[in-house]
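Welcome, and please open the model in your viewer. We will go from the whole chain to a few selections.

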Amino acid sequence: MLTRMRDLKVSSKLFAGFGVVCVLLVTLIVLGSTRLAAAQANLDDLYSSSMASVSAVDDVKVNFLQMWSVPALMDTGSS
């Protein structure tokens, strides 16, 4: 194998090396794109499932504050 590499011209060796780098670059782009798509899907899932519970907690907070503010106003007005 090494003797065949020694027999090649410098231009052929450079072309082969550049080809290997290009193949690695394309592999990295494909892998990065698929991982990014998976991360986006996970983020969408997290947003859709977690935001519903955050909204429910906010509704509970608003209801709790309304529950305690109405009697306070009634007590203040009757004194």
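This is a predicted model: local features need pLDDT of at least 70, side-chain atom pairs count only at pLDDT 80 or more; totals for chains, interfaces and linings use all residues.

Residues are numbered from 1 along each chain as its sequence is written, and side-chain values use heavy atoms, with hydrogens and water left out.

Start with the whole protein chain. Buried residues (under 20% relative accessible area; exposed is over 50%, partly exposed in between, with a 1.4 Å probe and protein chains only) make up 0% of the 79 residues.

Now colour by secondary structure. You will find two helices and zero strands; these are DSSP runs numbered from the N terminus, H or I of at least four residues for helices and E of at least two for strands.

Next, select Lys-13 in helix α2. Lys-13 is partly exposed, at 35% relative accessible area. Leaving aside residues up to four places away in sequence, Lys-13 touches Met-5, Arg-6 and Leu-8, where contact means heavy atoms within 4.5 Å.

Finally, move to Met-67, also in helix α2, which spans residues 10-78. Met-67 is partly exposed, with a relative accessible area of 47%.
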